[in-house]
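Let's take a look at an annotated site and what sits around it. The model comes up next.

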Amino acid sequence: MASGSESPKEKPTDPESESPKQNPSGPGSESPKQKPTSSGSESPKQKPTCSGSESPKQKPTGHGSESPKQKPTGSGSESPKQKPTGHGSESPKQKPTGSGSESPNQTPTGSGSESPKQKPTGSGSESPKQKPTGSGSQSLNRRPAGPGPQFLNRRPTGPGSQSLNRRPTGPGSLNPRPRGPGSLNLRPTGPGSLNQRPTGPGSLNRMPRGPGSLNPRPRGPGSPNLRPRGPGSPNLRPRGPGSPNLRPRGPGSPNLRPTGPGSPNLRPTGPGSLNLRPRGPGSLNRMPRGPGSESWKRKPTGPGSEPRKRKPTGPPGPQNYNDAVWKFTKGTVDKKLEKSEPYRIFMSPISCDPETHTEESTLSFAELLDKSLGDLTESLHLNFMVELGWLFAQYFITDQKGKKMTLLYERCNEDIDELHKEKKLLNVRHKKIINKNAFGHQHSKLSMFAYADGSLRVVVMSANLCEDDWTRYAQGIWVSQTFPLKEKDDKSDGNSKTDFKIDILRYLNSFREPILVPWIQKIEKVDFSQANVFFIPSVPGKHTEPLWGHLYLKNILKKHACLPFGKPSEWPIIAQCSSLGSLGTTDEEWLKSEFVESLSASTYCGDADTDDNPIPFNLIFPSVNNVLNSWDGALGGICLPYNKILHEKQLWLKKYMCLWQCHSRKRTKAMPHIKTYCRMSSCLTKMSWFYLGSSNLSKAAWGRKLKSDEQSNFIMAHEAGVLFLPQFLIESDTFSIDETKPNKFPCFSLPFDLPLSGYSDTDQPWTISTS
């Protein structure tokens with residue numbers, strides 16, 4: 001026990017105090033039933049050999065203290081029925097090897113020590129029933145005046161010695177274990193203790209609060225509290241070089257994170273630690289609970305508190321989806337479509353660029369479901385890939401949940417058949433399209449929406465029904481006006497000058513799928529006379545009539561594409577796509593001999609034989625640097641599946657390639673999944689026609705001649721696109737693409753920048769490796 005404290009049934013051992021039934025063992029103390037072995041000490045029936053010592057039944061040797069029947073273990077301390085092991089203490093049945101140590105039945109070798117039944121060897125030591133012979137030796141605070149007092153400062157090294165390395169627990173021991181007044185132990189909590197736990201005024205403990213307190217808690221100007229924040233403040237919070245903040249990490253840093261012994265880490269959870277974890281009033285812990293708590297992680301749970309909202313633990317549901325574009329146009333999408341007249345072409349938003357969210361020419365999928373467009377009753381989606389959860393979420397957030405849906409697809413991330421068995425998709429009719437040809441796919445991207453009044457809306461796009469397609473990649477979307485029901489007395493077929501209705505019915509009938517029959521019947525009842533674009537489809541098979549693929553496109557261009565000035569070679573063709581197929585070992589094998597030849601068709605009436613120059617052809621396809629510098633880096637190239645091995649077989653294609661740039665529409669860093677084809681003047685002011693759809697530059701999508709029958713067109717994929725011709729939209733020969741000059745009609749906004757930038761010698765197209 002520490003100095004100045006008492007334990008029950010014992011009295012303090014300070015000088016001027018008594019401890020009954022105990023014998024002191026320090027200098028000037030008594031030890032019953034022992035014989036002194038040195039001068040100035042006495043044992044029963046013997047004479048003392050050293051001055052200033054006495055035995056029991058005589059006056060005590062300490063200042064007014066007695067301790068019969070017990071042996072003290074430390075200077076000025078008590079430990080009943082124990083023998084001291086420290087300096088000036090006893091170690092029974094051992095031989096001392098250093099000075100100032102004792103062992104029973106042996107003669108001590110150090111001064112000032114005792115051993116029962118032996119004679120003391122140091123001056124100033126006593127045994128019971130003897131009187132000290134030296135003056136002033138009765139004080140516990142004085143050192144013996146006899147020979148050998150310098151040995152008290154030495155550490156005995158022999159066995160059984162009173163070594164300072166041992167752990168005596170008696171009063172007066174140097175061991176930090178004893179607790180009591182004056183103890184060196186840091187555990188005592190009394191006033192003046194060295195322990196950091198006292199909370200009294202002037203205490204070294206950091207817990208006292210008040211002006212001038214050393215506790216970091218007080219807050220106010222000039223306070224030593226670590227909380228105040230500001231230049232020169234001792235607050236641990238400021239961060240920066242030389243700051244006393246505990247946050248900096250590094251060798252020698254005052255960071256609280258180190259966990260080694262003696263570290264000022266806040267992690268220790270013992271009493272009085274600096275750990276932020278302790279909970280209680282005024283605690284630094286951020287987790288206090290109860291009414292009025294300022295914890296940001298947990299809300300109060302006491303009376304009057306609000307119920308805590310729990311975060312969903314399962315997979316994200318429809319309620320977790322949102323649309324960054326639709327939130328600005330909710331309920332007004334119909335007006336947005338009206339402003340886009342006469343072209344009605346949009347691009348998808350890019351989540352990484354908020355500036356694209358508010359463009360008038362940006363359209364999200366959720367906007368297609370906006371209630372301002374009509375009372376939706378049913379939807380039809382023909383697409384290559386479907387992400388079912390995302391698709392249903394769009395209906396959920398636009399309050400169109402549970403509406404009937406028909407899906408034709410090739411790939412889906414869910415097993416729809418299994419969901420049907422579990423009766424989870426009762427409102428969905430679906431059909432997975434499997435192409436017999438390995439290079440053929442159901443690649444169309446077409447949607448139709450039926451409304452309560454019997455009207456229909458058609459959407460042709462380049463995007464799959466997947467979240468990334470509508471938020472990360474540059475996509476093109478064409479949205480038609482609403483086509484109403486035919487009047488009862490209308491005996492016409494409801495077709496338009498562009499044969500839009502006939503073409504789309506032929507396309508849907510080619511699938512020969514029963515689930516499409518209701519939609520075919522709906523279309524037959526609708527008036528499409530106001531359709532002003534051409535529908536360009538591709539379906540698998542060998543076709544002898546020019547109604548599919550590039551031959552159908554050629555047939556239309558030959559009738560309606562105008563080149564009002566210059567020669568045909570002054571009207572280059574531009575193709576832009578996200579994937580490339582096998583085009584042959586030379587450009588004459590298919591690209592120029594079939595595809596470019598079809599796209600070069602026009603109503604040009606001049607002498608074509610006088611133009612010896614070929615029709616220029618350019619292909620916009622992202623380079624490696626385009627992809628690496630995109631918003632998603634290399635991951636942006638996922639939408640560009642051009643095979644590396646295939647490219648090595650047609651290296652000639654690089655001379656036609658141009659970089660992807662779309663600064664005018666803020667989409668240069670968004671990789672293009674859009675597919676477009678057009679023909680414009682070499683002066684870059686006029687455009688003859690424009691195509692938007694799902695067809696990439698490949699034989700499978702557009703078709704090719706067969707060696708056995710050069711009059712046929714062999715196609716392997718389902719595709720769908722729309723062709724814009726100025727005569728049917730603005731009653732002009734060309735579209736204007738120069739926004740710097742005044743025009744009678746709105747300029748046609750292109751999804752890429754002009755002039756084009758060709759590949760340099762070091763540029764390479766982005767490719768993927770399948771190995």
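Is Lys675 buried or exposed? Lys675 is buried, because its relative accessibility is 0% (buried is under 20% relative accessible area, exposed over 50%, partly exposed in between, with a 1.4 Å probe and protein chains only).

## Ground rules

This is a predicted model, where local features need pLDDT of at least 70, side-chain atom pairs need 80 or more, and totals for chains, interfaces and linings use all residues. Residues are numbered from 1 along each chain as its sequence is written, and side-chain values use heavy atoms, leaving out hydrogens and water.

## The annotated pair

In UniProt, an unreviewed entry has a "binding site" annotation on Lys445 and Lys675; such annotations may be inferred rather than shown by experiment. The pair is spread over 231 residues of sequence, yet clusters in space, with a largest C-alpha distance of 11.4 Å.

## Around Lys675

Lys675 belongs to strand E18 (residues 675-680); strands are DSSP runs of at least two residues, numbered from the N terminus. Beyond residues up to four places away in sequence, Lys675 touches a set that includes His443, Ser462, Gln576 and Tyr691 (contact means heavy atoms within 4.5 Å).

The Lys675 side chain also has a polar contact with the side chain of Ser578, at 3.3 Å. That term means a pair of N or O atoms within 3.5 Å; within protein, one must be able to donate a hydrogen and the other to accept it, and residues adjacent in sequence count only if both atoms are side-chain atoms.

## Around Lys445

Lys445 sits in the loop between strands E9 (428-432) and E10 (446-451). Lys445 is buried too, given its relative accessible area of 0%. Its side chain makes a polar contact with that of His443 (3.0 Å). Leaving aside neighbours within four places in sequence, Lys445 contacts Phe384, Met461, His673 and Ser694, among others.

Key. Helices (H or I, at least four residues) and strands (E, at least two) are DSSP runs, numbered from the N terminus.
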